[in-house]
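Subject: Structure handover

Hello,

Please find the structure below. My notes follow it.

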Amino acid sequence: MEKTGYLGPEGSYSHIAAQTMRTDDKLLSYASFPLVFSALAAGEVDSIVIPIENTLNGGVLQNIDLLQSTQNILAVDEKRIKIDHRLATLNGSDIKNIKRVYSHKQALGQCAKYLAENLPNAKLIETPSTAASLNLLQTKEDACIVGAHTKVEGITLSDKNVADEDNNFTHFLRIVRGAAKEGMQSKRVYFSVTCNNRSGALLSLLQPIYAHGLNMTKIESRPIKDRPDEYVFFIEAEGNYSSPEMQGAISEIKKVANSFKILGCY
């Protein structure tokens with residue numbers, strides 16, 4: 001039986017995604033995203049499932065950086081999970097008396113409008129995951145944001161989704177050890193690239209995608225540590241990794257890039 005790692009504990013959205021993507025695997029939870037990636041690199045698990053982007057908050061920056069910095073790994077599958085956030089309190093709590101709200105950074109950000117309007121004086125406290133925040137409900141002045149699927153005795157969930165938008169999805173990737181290989185099939189290719197900080201440099205990276213008739217579905221940038229004003233660009237394009245069009249675009253991009261790394265074929 002293969003093993004798949006995820007950000008725990010059980011009941012987190014990462015756990016739901018892992019269950020959905022790897023129904024026959026043994027699922028192992030880890031306390032942080034760096035530990036999830038380390039488990040894969042060390043061979044403790046055969047794959048990991050991690051969130052990479054949310055429709056409200058954008059990219060999960062820590063995981064983008066970990067995907068970029070960890071060697072010999074590749075995203076090979078993807079899944080979008082509907083996010084339904086609920087405010088959780090101890091039975092009998094009055095929302096007017098809530099002084100602390102616990103949850104993962106992403107969840108707090110996705111519910112920012114609700115929290116500002118309904119709990120403007122409450123302190124927002126980050127936790128390793130949404131599910132982990134349940135353990136911090138100690139008094140009727142505590143609340144947390146968890147998934148609508150959460151069912152715990154003594155805990156009341158809000159009747160409605162408290163996210164800023166109802167149409168809220170998180171994009172998860174399943175990542176394995178290894179690299180993209182000749183003949184690998186895909187619907188999308190995800191890669192990172194760097195270039196010189198000069199006029200037209202980014203255009204020279206994007207032009208091959210257009211020239212080979214490929215559709216770019218995503219682009220974002222992250223600053224390069226210890227190199228002010230320099231950035232890594234993360235790009236996703238529709239296409240089969242092994243097609244002449246994709247291989248032609250990749251070949252041309254490599255010629256003008258300072259660095260190039262395939263992050264996923266899925």
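A polar contact here is a pair of N or O atoms within 3.5 Å; within protein, one must be able to donate a hydrogen and the other to accept it, and residues adjacent in sequence count only if both atoms are side-chain atoms. This is a predicted model: local features need pLDDT of at least 70, side-chain atom pairs count only at pLDDT 80 or more, and totals for chains, interfaces and linings use all residues. Residues are numbered from 1 along each chain as its sequence is written, and side-chain values use heavy atoms, with hydrogens and water left out.

Thr127 first. A polar atom of its side chain lies 3.3 Å from the backbone nitrogen of His104. The backbone oxygen of Ser129 is 2.8 Å from a polar atom of the Thr127 side chain. Thr127 sits in the loop between strands S8 (123-126) and S9 (142-147). Strands are DSSP runs of E, at least two residues, numbered from the N terminus. Thr127 is buried, at 9% relative accessible area. Buried means under 20% (1.4 Å probe, protein chains only).

Now strand S12, residues 188-194. Seven of its seven residues are buried, so S12 is largely enclosed by the rest of the structure. Arg188, Tyr190, Ser192 and Thr194 cover one side; Val189, Phe191 and Val193 are on the other.

S12 has these partners. Strands pair if DSSP finds at least two bridges between them. Six bridges link S12 to S14 (residues 231-238), antiparallel. There, Tyr190 faces Glu236. S12 also pairs antiparallel with S15 (residues 259-265), over six bridges. Phe191 is opposite Ile262 in S15.

Best regards

Technical notes
Helices (H or I, at least four residues) and strands (E, at least two) are DSSP runs, numbered from the N terminus. Buried means under 20% relative accessible area, exposed over 50%, partly exposed in between (1.4 Å probe, protein chains only).
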